Amino acid sequence: MEAVDAESLLKGKRAMSLTRREFARKSGMAAAASVLPARVFAAPARRQAQSPTTAAAAHAGLVLDTAKLKRYVDPLPIPEVARADGKKPSPDDPGKEIAFFRMTMGEFESRVHRDLPATRQWGFNGSSPGPTIEARSGEGVLVEWVNRLPQSHLFTIDHNLHGAERDKPDVRSVVHLHGAKAPPESDGYPEAWFTAGHSSLCHYPNRQDACMLWYHDHAMGINRLNIYAGLMGLYILRDEVEETLGLPRAEREIPLVLCDRAFTTSGQLNYEVSPDPAAPWVPEIYGNCTLVNGKLFPYLEVRPALYRFRVLNGSNAQFFNLSLSNGQAIAQIGTDQGLLPAPIAAKIVSVAPGERVDLVIDFSGHGGEEIVLKTAQIEEIMQFRVGRAAAASGGALPAKLRPVPAIPESAAVRTRELTLREYKSPRGESMTMLLNGNHWDMPVTETPTLGTAEIWSLINLTEDVHPIHLHLVRFQILDRRPFDQFQYFKIGELRYIGPPAPPTPAEAGWKDTASAPPQMVTRIIARFEGYAGRYVWHCHILEHEDNEMMRPYEVLPAGAPPTHS
Ligand SMILES: [Cu+2]
């Protein structure tokens with residue numbers, strides 16, 4: 001149940017810093033977050049981006065009008081595959097040696113477009129996205145994440161945010177491997193950040209199915225800024241089950257890291273802030289263009305054959321609805337945590353921040369065409385130039401991929417009702433967002449027992465879609481069901497006003513991030529397997545995550561006495 005209402009929140013320990021926001025004159029973006037409850041009932045299903053010009057409006061003249069950039073003059077860069085820096089004894093079995101990688105965070109410059117000057121960015125081993133780590137199920141790897149970032153940050157830090165107070169260093173980082181079933185000490189706990197000159201050795205045992213994970217910064221209170229600066233990369237896990245399917249490989253398997261961004265007219269990354277220097281946080285950030293593997297409007301030469309695209313939405317807040325300019329269908333073969341039971345054909349593929357989609361596009365029969373990958377919001381992203389020479393083997397997509405056995409609801413030992421709620425000032429300015437009414441540093445309340453399954457009912461009381469991510473586990477979406485929000489606010493009672501809807505076919509696989517739409521209860525079911533210990537769950541809109549929409553959770557060892565949480 002909701003533990004805190006807006007008034008008692010304001011009387012809380014952080015009331016001083018929060019109430020200061022009431023006087024902040026926020027940008028148009030912040031105002032777009034609108035006031036509860038007046039607009040909440042008129043909210044559309046899925047929140048879309050604002051128009052490309054909105055973000056630019058506050059700094060008109062400073063933000064680059066990317067619509068004027070010449071399209072398709074740069075080839076799509078493919079992140080290099082990380083080469084192991086040797087072997088080290090496995091923490092699981094010291095008699096066995098496993099691959100060891102050293103990944104160094106630092107500042108670098110690169111051109112995001114032929115006609116722009118070099119852009120200062122942060123990345124791994126001199127690139128963003130960083131090198132792709134390739135690993136195999138069941139074969140662990142060790143990664144030493146090294147911080148060699150500069151002394152000052154690229155963007156403005158909001159010291160009102162928990163974990164980013166003035167006594168904390170501006171530049172600090174900790175790396176989380178999103179989607180990994182990793183021991184807690186290797187999970188990149190947000191408070192386990194470290195500064196330049198330090199490093200952290202993480203063990204990823206890879207005891208999970210083939211899928212595409214991604215590594216990114218997770219430092220408390222500045223995660224949105226570190227990721228916007230470029231601290232992310234891919235981690236592809238492979239296994240024999242997937243390899244027997246004959247899916248496109250090598251030059252026909254292409255990673256696509258999509259991030260919306262805004263740039264200044266001098267070609268530097270622009271992270272919008274509120275007009276109040278005392279409270280620079282904004283509730284969401286949207287760009288007016290999309291980086292694909294670090295380039296704007298790149299092109300890729302393809303053959304008339306099947307291609308597999310491993311797509312990550314690495315944006316802070318942008319949801320993408322991907323489609324092709326010629327209207328042809330895209331086959332989706334996988335979700336966050338691996339393959340779907342069977343391919344799904346769709347003209348539009350949705351991917352929320354933090355989510356991955358595994359896509360296959362058939363270019364056969366399109367020799368000589370130029371096909372543009374678009375989003376509903378920002379329009380053109382990149383171009384495929386289909387050559388005329390046929391591929392030696394075009395390949396065919398198998399009718400069946402990998403079974404996804406449903407976790408029965410009866411397997412759950414417990415259902416937790418957890419609210420998603422935004423708190424606003426009397427002026428309607430967004431102040432903070434909380435999971436089940438709790439701040440980050442309140443006692444842990446979600447304490448599943450290792451080896452058990454639980455249902456988490458995410459009760460969205462806001463007007464936004466929140467992509468909710470649980471560390472450690474993979475889960476399945478059970479359903480989404482509309483409820484009477486007035487009734488809930490009035491007496492705290494869940495009254496459903498429509499039937500439950502099952503997940504879309506594109507979501508009916510293993511997930512680690514799920515969209516919780518407004519005025520809906522989204523139910524997910526997970527088995528808490530792997531490791532006992534402290535993890536986190538949070539919204540993957542990074543501005544929300546940095547402003548309290550993140551909570552620790554603790555997997556208790558099997559046989560531990562039950563808690564009264
Ligand atoms: Cu959110």
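Of the contacts in the protein with a separation of 6 or more, 79% are accounted for by residues 24 or more positions apart, a contact being heavy atoms within 4.5 Å. The structure is a predicted model, in which local features need pLDDT of at least 70 and side-chain atom pairs count only at pLDDT 80 or more, whereas totals for chains, interfaces and linings use all residues. Residues are numbered from 1 along each chain as its sequence is written, and side-chain values use heavy atoms, with hydrogens and water left out.

The secondary structure comprises eight helices and 31 strands; helices (H or I, at least four residues) and strands (E, at least two) are DSSP runs numbered from the N terminus. Of the 565 residues in the protein, 61% are buried, where buried denotes under 20% relative accessible area, exposed over 50%, and partly exposed the range in between (1.4 Å probe, protein chains only).

In general, strands of a sheet pair through backbone hydrogen bonds, in either a parallel or an antiparallel manner. Strand E17 (residues 330-335) is mostly covered, six of its six residues being buried. Strand E17 runs antiparallel to E18 (residues 338-346), to which it is joined by five bridges, and the two strands form a hairpin with two residues between them. Within this pairing, threonine 335 stands opposite glycine 338, and glycine 334 has leucine 339 as its bridge partner. E17 is also antiparallel to E20 (residues 356-362), through three bridges, with alanine 331 opposite valine 360.

A search of the whole structure identified five cavities of 30 Å³ or more. A cavity is a set of points, on a 1 Å grid over the protein atoms alone, where a 1.4 Å probe fits but cannot get out, and lining residues have an atom within 4 Å of a point. Grid points are joined across faces, edges and corners, and a volume is the space filled by probe spheres set on the points. The largest cavity has a volume of about 80 Å³. Its lining consists of 13 residues, of which Ser128, Cys259, Arg261, Leu291 and Gly294 lie nearest the centre. Strand E11 (residues 253-261) contributes the largest share of this lining, three residues. The lining of the largest cavity divides into seven nonpolar, five polar and one charged residue; Ala, Val, Leu, Ile, Met, Phe, Trp, Tyr, Cys and Pro count as nonpolar, Asp, Glu, Lys and Arg as charged, and the others, Gly among them, as polar.

The second largest cavity has a volume of about 70 Å³ and is lined by 14 residues, with Cys211, Met212, Arg310, Thr335 and Asp358 nearest its centre. At least two lining residues are supplied by each of E9 (211-217), E15 (306-313), E17, E18 and E20. The lining of the second largest cavity comprises six nonpolar, three polar and five charged residues.

Some backbone features were also noted. Most residues other than glycine have a negative phi, and most peptide bonds are trans. Serine 128 and proline 129 are joined by a cis peptide bond, with omega about -5°, and proline 129 is found in the loop between E4 (119-124) and E5 (130-136). Asparagine 206, although not a glycine, has a positive phi of about 60°; this residue is placed in the loop between E8 (199-204) and E9 and counts as buried at 2% relative accessibility. Phenylalanine 297, also not a glycine, has a positive phi of about 50°. Phenylalanine 297 is situated in the loop between E13 and E14 (298-302) and is buried, with a relative accessible area of 6%.

Notes: Two strands pair if DSSP finds at least two bridges between them. On a 1 Å grid over the protein atoms alone, a cavity is a set of points where a 1.4 Å probe fits but cannot get out, and a pocket is an open set with protein on both sides within 12 Å along at least five of seven lines; lining residues have an atom within 4 Å of a point.
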